[in-house]
Amino acid sequence: MHFPERRPDQTEERILPLINVVFLLLIFFMIAGSLSVTAPFDVTPPVSQSDGVDEPDAVLILISRENKLALDNEPITEAELLARIDMLLSAEPETQVTLKVDGELSGNQLVHFTQALYSVGVKKLRLLTELGAK
């Protein structure tokens, strides 16, 4: 009995390289295109000589050199920001507030703003800085 020689299916051989390429591209874009929250404006913190400990922050306030404000990466006016901080503190009095201030911002403006934060009840306030050369 003679059976005709069966030829292998060519479709499977042609699609395997395509599947490999698609998975490699998928992995590449997942790694290269990682999602991150971007700040609404550029803030370059001042340089510090001490190495701080990273702690989870409940509230992050950005202040640009033009005195623009953002609360948790959302642009906001000073009055709205202070009202929202007051609401947060009424719910959780020990909420820690972190300031990321541009190094070019005037010291007087920073002092004025920190006094406004203390007036609404902020008890824990941190200033983010960049680690400089020792």
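**Exercise 1.** Determine how many aromatic pairs the whole structure holds, and classify the geometry.

*Solution.* The structure is a predicted model, in which local features need pLDDT of at least 70, side-chain atom pairs count only at pLDDT 80 or more, and totals for chains, interfaces and linings use all residues. Residues are numbered from 1 along each chain as its sequence is written, and side-chain values use heavy atoms, with hydrogens and water left out.

Step 1. A search of the whole structure gives one aromatic pair.

Step 2. Rings of Phe, Tyr and Trp (its six-membered ring) pair if their centres lie within 6.5 Å; planes under 30 degrees apart are stacked, over 60 edge-to-face, and the rest tilted.

Step 3. The ring centres of Phe 28 and Phe 29 are 5.1 Å apart and the planes stand at 75 degrees, so the pair is edge-to-face.

**Exercise 2.** Decide whether Phe 28 and Phe 29 are buried, partly exposed or exposed.

*Solution.* Step 1. Buried means under 20% relative accessible area, exposed over 50%, and partly exposed in between (1.4 Å probe, protein chains only).

Step 2. Phe 28 has 49% relative accessibility and therefore counts as partly exposed.

Step 3. Phe 29, at 55%, counts as exposed.

**Exercise 3.** Identify the residues with the most contacts inside the largest nonpolar core, and the element that gives the most to this core.

*Solution.* Step 1. A nonpolar core is a set of buried Ala, Val, Leu, Ile, Met, Phe, Trp, Tyr and Cys residues joined through side-chain atoms within 4.5 Å.

Step 2. The largest such core has 18 residues, and Ile 61, Ile 63, Leu 81, Ile 85, Phe 113 and Leu 117 have the most contacts inside it.

Step 3. With four residues, α2 gives the most to this core.

Terms used. Helices (H or I, at least four residues) and strands (E, at least two) are DSSP runs, numbered from the N terminus.
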